[in-house]
Amino acid sequence: MRIIRGKYKGRRVPAPSGFKARPTTDFAKEGLFNILENVYVDFESSPTALDLFAGTGSIGLELASRGCRKVVSVEKDFKHWQYLMRVQKELQAQEWLPLKGDVFKYVHTCKERYDIIFADPPYALENLKDIPDVALPLLAEEGLLVLEHGSTYDFSAHPRFVEHRNYGSVNFSFFQ
């Protein structure tokens, strides 16, 4: 995993062998952050972010690196969470908070609102289609939800859908 821009730019944090997560490709991540910076997010305003299904932590770290004052990354798998905690400690990334827990339980108990929410659930997740409705209540006014998903999903009929972007096998749907 490589951090593209910001204060942790150029840092490479290799995931342990046997890691089950499917990290967002560098190509897709670069495209996503170009869109975020040029269209949707003013990182100089120190937004807050929520990273659901954190996996390798690649997106959460990129958000922290680019200027988010607080990034909460939620990951259910214990070994993945341990890895995230190790990386957080190595980078001394105080603005990045990896939490071990179930995403669906977290969103139902969370009282905070976030400027940016990124969700990268397993593509085979049974209730992936429900993610926008589950996550949007945590979005701050003027905030943005980005959902990474496979090509079999089309969220364009959702009332808060804004746009869709495709980077090879990686698809992003944006909601406001």
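User: Which strands does helix H3 lie across?

Analyst: This is a predicted model. In it, helix H3 (residues 78–91) lies across strand S2 (70–75) and S3. Helix H3 runs at about 160° to S3.

User: Why is Gln88 called buried?

Analyst: Gln88 is found in helix H3. Its relative accessible area is 14%. Buried means under 20%, so Gln88 counts as buried.

User: What does Gln88 touch, leaving out residues up to four places away in sequence?

Analyst: Gln88 touches Ala93, Gln94, Trp96 and Pro98. The backbone oxygen of Ala93 lies 3.1 Å from a polar atom of the Gln88 side chain. For the backbone oxygen of Trp96, the distance to a polar atom of that side chain is 3.3 Å.

User: What makes Phe78 and Trp81 a tilted pair?

Analyst: Their ring centres are 5.8 Å apart, with 35° between the planes. Rings pair if their centres lie within 6.5 Å, and planes under 30 degrees apart count as stacked, over 60 as edge-to-face and the rest as tilted. Phe78 and Trp81 therefore form a tilted pair. Both lie in helix H3, three residues apart, about one turn of the helix.

User: Why does Phe78 count as partly exposed?

Analyst: Phe78 has 43% relative accessibility.

User: Why is the pair of Tyr153 and Phe155 called stacked?

Analyst: The planes of the two rings stand at 10°. The limit for stacking is under 30 degrees, so the pair is stacked. The ring centres are 5.9 Å apart.

User: Is Phe155 buried or exposed?

Analyst: Phe155 has 7% relative accessibility, so Phe155 counts as buried. Tyr153 is partly exposed, at 22%.

User: How do you know that the span of helix H1 agrees with its 15 residues?

Analyst: At 1.5 Å a residue, helix H1 (residues 26–40) should span 21 Å. Its end C-alpha atoms are 20 Å apart, which agrees.

User: Where do the buried residues of H1 pack?

Analyst: They pack against helix H2 (58–65), strand S4 (114–119), strand S5 (139–149), strand S6 (161–167) and strand S7 (170–175). Among these buried residues are Leu32, Phe33 and Tyr40.

User: What makes S3 and S6 edge strands?

Analyst: The open sheet of seven strands has the order S3-S2-S1-S4-S5-S7-S6, with mixed pairing. S3 (96–100) and S6 each pair on one side only.

Conventions. Residues are numbered from 1 along each chain as its sequence is written. This is a predicted model: local features need pLDDT of at least 70, side-chain atom pairs count only at pLDDT 80 or more; totals for chains, interfaces and linings use all residues. Side-chain values use heavy atoms; hydrogens and water are left out. Helices (H or I, at least four residues) and strands (E, at least two) are DSSP runs, numbered from the N terminus. The expected span of a helix is 1.5 Å times one less than its number of residues. Buried means under 20% relative accessible area, exposed over 50%, partly exposed in between (1.4 Å probe, protein chains only). Contact means heavy atoms within 4.5 Å. Two strands pair if DSSP finds at least two bridges between them. Axes are lines fitted to C-alpha atoms, for helices over the stretch in contact, and angles run from 0 to 180 degrees between N-to-C directions. A polar contact is a pair of N or O atoms within 3.5 Å; within protein, one must be able to donate a hydrogen and the other to accept it, and residues adjacent in sequence count only if both atoms are side-chain atoms. Rings of Phe, Tyr and Trp (its six-membered ring) pair if their centres lie within 6.5 Å; planes under 30 degrees apart count as stacked, over 60 as edge-to-face and the rest as tilted.
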